[in-house]
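I opened the model today to look up a few things about its strands and charged side chains. My notes follow.

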Amino acid sequence: MALLEQKNVADVNNVNTGTEIPPNVTIYINNLNEKIKIDELKKSLHAVFSQFGKILEILAFKTLKHKGQAWVVFEDAQSATNAMRQMQSFPFYDKPMRIQFAKTKSDIIAKADGTFVPREKRKRHEEKGKKKKEQHDANQAGIGLAPAYAGAYGATPPLSQIPYPGGAKSMAPEAPAPPNNILFIQNLPNETTPMMLQMLFQQYPGFKEVRMVETKPGIAFVEYGDEMQSTVAMHGLQGFKIQQNSMLITYAKK
């Protein structure tokens, strides 16, 4: 009984439980695979969670204390709520995600903002308590997070820059291929990795593998067990945005 009480207290001290924290724009995720590099982890989290709404910031740290954890800051609370409900226990890098609402004014977010401030500037902030408080409040309200996001994932390329070589006419097949078990994915950002696509497509039954063409960035092939399974995945992810690029999904030509 004492051990159970001690565990409950520890849970509350760390993040609290989802039922005790009111819905807000930030979700806290733990039980993440600690072997994944931070940059890849952030990009994969963005790929998985951007379907629920605009993401202002993703926070993850290399420190031992914060390994296996991340914070995703959405533009609105409804997006965060939908993400938490639908992605609870989602198999992410072979481990089920555990998701809760973060504290509205989480200390960890304030500390995260501080880690990106140069030491000299941080010292000046400490000497100016009022200015530091205003900076803290602004950060908690989400002001200034969008530029940080742009720096982490890169600016969105102009619409005229089509990732798929060959220009706009190549974005769609000349004649639609008949339904089959392999999907052809286009308009992917150049930074897209096979693992990021696997995170998205493996949530649909029958998923087999992702194949990318190294010489042709912006496209990929995803194979399923049969055409019915591939069709379900195509309808489910058609237009899904990765770094502001909407995926174009068709059946592959055989």
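This is a predicted model: local features need pLDDT of at least 70, side-chain atom pairs count only at pLDDT 80 or more; totals for chains, interfaces and linings use all residues.

**Entry: the partner of β6**

Next I looked up what β6 pairs with. Strand β1 (residues 26-30) pairs with β6 in the antiparallel sense, over 4 bridges. Isoleucine 27 stands opposite phenylalanine 101.

**Entry: the sheet**

I then traced the sheet. It is an open sheet of 4 strands, in the order β2-β3-β1-β6, and the pairing is antiparallel. The edge strands are β2 (55-59) and β6, and each pairs on one side only. Neighbouring strands are turned by 20° against each other on average, direction ignored.

**Entry: helices on the sheet**

Which strands does helix α2 lie across? Helix α2 (residues 38-49) lies across β1, β2, β3 (70-74) and β6. I read its direction against β2 as about 140°. Helix α3 (residues 77-87) lies across β1, β3 and β6. Helix α3 runs at about 155° to β6.

**Entry: salt bridges**

I moved on to charged pairs. Side chains of opposite charge can pair when their charged atoms come close. How many salt bridges does the count come to? I get 2 salt bridges.

Glutamate 209 forms one with arginine 211, and the closest N and O atoms are 2.6 Å apart. Arginine 211 also meets glutamate 223 in a salt bridge, at 3.0 Å, N to O. That pair links distant parts of the chain: arginine 211 is in strand β8 (residues 207-212), glutamate 223 is in strand β9 (residues 220-224), and they are 12 residues apart. I wrote down Glu209, Arg211 and Glu223 as linked in a network of salt bridges.

**Entry: burial in the network**

Is glutamate 223 buried or exposed? Glutamate 223 has 17% relative accessibility, and the cut-off for buried is under 20%, so glutamate 223 counts as buried. Glutamate 209 is at 34% relative accessibility and counts as partly exposed. Arginine 211 is partly exposed too, with a relative accessible area of 30%.

Definitions and conventions
Residues are numbered from 1 along each chain as its sequence is written. Side-chain values use heavy atoms; hydrogens and water are left out. Two strands pair if DSSP finds at least two bridges between them. Helices (H or I, at least four residues) and strands (E, at least two) are DSSP runs, numbered from the N terminus. A salt bridge is a side-chain nitrogen of Lys or Arg within 4 Å of a carboxyl oxygen of Asp or Glu. Buried means under 20% relative accessible area, exposed over 50%, partly exposed in between (1.4 Å probe, protein chains only). Axes are lines fitted to C-alpha atoms, for helices over the stretch in contact, and angles run from 0 to 180 degrees between N-to-C directions. Contact means heavy atoms within 4.5 Å.
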